[in-house]
Amino acid sequence: MKGYLYDSDRCMACTSCTVVCPVAAATREFLGPKMVGPALSRFRRPALAPDLAADLCSNCKNCDISCPSGVPISTLNMLSKAEYYRHHRHRLRDWVLSHGQLMGNLATPFVPLSNLAIANPISRTMLGAFGFAGRMPLPAYVRKTFRKQFRALRQQSFPQKVVFFPGCYIDFYDPGVGLDFVAVMQANEYEVVVPRGLGCCGTPMVANGFPGAAERAVRRNVRALQEWTDAGVPVVACCTSCSLTLKQEQQELFDVPGAAELAARVYDATEFLLELRDRGKLKTDLKQLSGRYLYHAPCHLRDQGIGRPGFEMLGSLPGLEISDADAGCCGLSGSYGFKGDRYEVAQAVGDALFKKVRASGADAVISECGTCRHQITVATGAKTLHPISVMRRAFE
Amino acid sequence: MDSVTVVVIGGGATGTGILRDLSMRGVKTLLIERGDLASDASGRFHGLLHSGARYAVTDPRSAKECIEENAILRRIGKHCVEKTEGFFVRLEGDGEDYEGQWVAGCAAARIHAKRVDLKEARRLEPHLSRRAVSVFRVPDSAIDGFRLCWQNVASARRYGGEVRTYTEATGIERAGDRVVGVTVCDTLTGAVDSIGCDHVVNAAGSWVGRVASWAGIEVDVKPDRGVLIAFNHRFTNRVINRLRPPANGDIFVPHGPITVLGTTSSPVASADDNVPHVEEVLELLHNGTELFEDLPKYRILRAYAGARPLYSPGEGRAASRDFTILDHSTDGLRGLTSAAGGKLTSYRLMAEKTADVVCRELGVKAACRTAAEPMVEDPPRRLVTRARPFFPPYGLDLAASRLGAAFGPVVQGLQMHPEERRLICECEMVTLAEVESAAREPTTFNLGDIRRRTRMGMGTCQGAFCSLRAVGALVSHDLVADKDGKALIRDFLETRWKGIRPVLWGDQIREAEFQREVYAATLNLDGTAQR
């Protein structure tokens, strides 16, 4: 915990954060980021018992984006949640949702049985009893994780290297995105490295009140990446929550040696590619594409303050038609929308986006975030893609 | 013309304490105050309930008095005292000899001062200076002066005591060598009146001399100015004192969400001058930074100044904090008693001694019971449990403590009208129901009165949001029928501004500009935009 006292001191109580908070707009039960973060932080020190006012916060970080004073509001919320769970037991459901890597390691060897075990009507009822949202299907595990497929992959060797941070979603549910990234980099004469020992970035643990586990995850990742960051090799993630955590959140929460040096090397994949393009380092003889797409910017991308590099890149590809949905948060927020008592809020938050998607008639919805894509597909039936998958078609 | 047995002049801790004491002894008593209760020294100090340790070396008698009264107030004033305990911290370079004298002084005064292991002290107070070499814990506490005065009054009312605020005494009426009444002026309407009585108690704090002069008697009370700073956060959970001879800026007191740093000491000609100066604030910060090295990074909310009513031959810190009860029959006038000097921690004792003199003269035999009975009852446990869902986290206990007897009706309102649960003041977590409850009191005339009863407007935004909301609520509920809403906001913001102006830098200058944008630019409160 770093400088927390001074950080909430910067709050002017202007209430911008509460105005933009999608959860506060969806339910009056939530006091809003200003109250739950900076305002209550003034009362937490004298208090004898910690509070759970932040439990409705989905850690989407729109508050942080809006704050004119640079207060890490969502991090204050997560800290207060962590403090609460230092004194109270977690729900089993929250443990399951926040330990995706462990669950993935357990479930993957038994695919498709494990998917069947989760998705059949009986177990869905049982999951409901454990506090999962019955109407929100969990994503299905793949038989071969990204890392397994990556090891089997024959890459052409190039002097330019880039480290890829897969994260849980791509590893266990959506390895195709990782493979698309490798293909795009190969086409541009980069060799992709996935060091051993990488795991969950830690953000689901933070959001569910497991700061200890999250800090261990951060330490492990920093250690696994150290030799590459020391050598000045960029670290790239296709999941915007992973890249946000590596760049920023872990630094606000923990004091891990080497974390700041790592953060300085981290890029979101689309950010990295856009920078290469602007420096004239990407190949320019691109294939002609076609299609009409709608773009959704994940909250954790917007919080990085790097604009919409994926949208910009796709807009410059020959033959593509793409428009920005500009409809706010999808509502799922990683693990939040899978919870029975948060499902209604999550759906209400995503409603504006779902309407845009349904009305758009687009061939597919493009978004960097895996859980955003999952939410959009479940809610609207629309096909979804990561921008890197579209780029692969142009570069190969 | 009304008539009572005793009129008390002055609505600070001493005056309200005397009102309570006399009322409990069955004496019909009326207190008059020219402003709101606790609007001077009793609301303009660091809110420290001394353990007496501060006076252990310099003023052993005060030290002994303090520890005795401290124990009593923690018992009878549970809802205005926060039992924080205190640390005395000696830093590198502070004299070791003094520490020895101090330990002996505490022992002599029977103040329990126990050495704390340095590692433990740092664990308990992580922001404390790394230069600490000795730490002792003592039973210091925090006390809310506004609430103390109102709870004294709440207790007095149960025994028939009465209060008139915004009523200024303008003269003492006499018949021969006897006091027969007081002339008063309503400071809001200007209406003049007189109140008949057998006895007048002069508890006007720094203005004791002025009141006595109306009877042709000289009482030489010297006002001694003290400046304090309120910080936005509670960066210490304990009262922190510097273990060295008392000096400026060496006490920190946590109060709910904030911390107060004080104080300075300088003689002033008039106690009415309570505008703090930047120079004084900087001196406090300079000294305070020795105890909390990160102090310059902490956000300041405001500064304020008050005056100690010193009554003794010495001056400033050398003057005794002791009190003196003056029975003016020795000056040839019967029916006038002045309570001079003193400090907040021993206000109850001062009130008891004053009431003893008054009762002796009135022939009243009843003994003092103020140390035995709590000032306000605890709210029933079942009511507190029922109320929990109506308040934000931490809001319930604050409200239960500050509301006293009004807690029950407020909870009922919150249950029946969920919209009343909305927060008017988010920084201090004051619900609409509480603001309305305070506004309905016959002694409430402006937003400042509501502030002193609820803490509305005392937090981070210093009134930027709550003044507008409160006035909106008051107007829509016809609680300010004959008043100008714009004037209410303006007066309230002006008093906030008075405390912000001397600390106008860092985060607070941004806050002040934000507030100005809201009221001056957006709402055109100062009429900048012409039609």
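Okay, a few ground rules. Because the model is predicted, local features need pLDDT of at least 70 and side-chain atom pairs count only at pLDDT 80 or more, while totals for chains, interfaces and linings use all residues. Residues are numbered from 1 along each chain as its sequence is written, chains are lettered from A and ligands numbered from 1 in the order in which they are written, and side-chain values use heavy atoms, with hydrogens and water left out.

Let's start where the two chains meet. Chain A puts 29 residues in contact with 34 residues of chain B, and contact here means heavy atoms within 4.5 Å. How much area do chain A and chain B bury between them? About 2600 Å², with 58% of it on carbon and sulfur atoms. Buried area, by the way, is the accessible area, with a 1.4 Å probe, that two parts lose on being put together, summed over both.

Now the charged pairs. Between chain A and chain B there are two salt bridges, that is, a side-chain nitrogen of Lys or Arg within 4 Å of a carboxyl oxygen of Asp or Glu. One of the salt bridges to look for joins A:Lys34 to B:Glu426, at 2.5 Å from N to O.

Helices here are DSSP runs of H or I with at least four residues, strands are runs of E with at least two, and both are numbered from the N terminus. The largest share, eight residues, comes from α4(A). By class, the side of chain A that touches chain B has 17 nonpolar, four polar and eight charged residues.

Next, inside chain A. The domain assignment, which is automatic or from a database, gives domain 1 (4-87) and domain 2 (285-395). Their C-alpha centres lie 27 Å apart, and the contact takes 14 residues from domain 1 and 11 residues from domain 2. Together these two domains of chain A bury about 1000 Å², 59% of it on carbon and sulfur atoms. On the domain 1 side, A:Leu56, A:Ser58 and A:Ile65 supply 35% of the buried area, more than any other three residues. There is one salt bridge across this interface; A:Arg342 and A:Asp55 form a salt bridge with their closest N and O atoms 3.0 Å apart.

While we're in chain A, have a look at strand β5 (residues 292-295). It runs parallel to β6 (residues 321-324), joined by four bridges, and A:Tyr293 stands opposite A:Ile322 in β6(A). Strand β5(A) also runs parallel to β7 (residues 364-366), with three bridges, and there A:Tyr295 has A:Ile366 as its bridge partner. Strands count as paired if DSSP finds at least two bridges between them.

Last stop, chain B. Its assignment gives domain 1 (2-40 + 146-221 + 321-362), domain 2 (79-141 + 224-309) and domain 3 (381-522). The C-alpha centres of domain 2 and domain 3 of chain B are 29 Å apart, and these domains bury about 1500 Å² between them, 52% of it from carbon and sulfur atoms. In domain 2, B:Arg299, B:Leu301 and B:Arg302 lose the most area to domain 3, together 41% of what that side buries. B:Arg299 turns up again in a salt bridge with B:Glu511, 2.6 Å from N to O. Domain 2 and domain 3 of chain B also have 11 residue pairs in polar contact, both at pLDDT 80 or more.

One last thing: chain B has an open antiparallel sheet of three strands, in the order β4-β9-β5. β4 (48-49) and β5 (81-82) stand at the edges with a single partner strand each, so one side of each is left without a neighbour in the sheet.

Note on methods: Ala, Val, Leu, Ile, Met, Phe, Trp, Tyr, Cys and Pro count as nonpolar, Asp, Glu, Lys and Arg as charged, and the others, Gly among them, as polar. A polar contact is a pair of N or O atoms within 3.5 Å; within protein, one must be able to donate a hydrogen and the other to accept it, and residues adjacent in sequence count only if both atoms are side-chain atoms.
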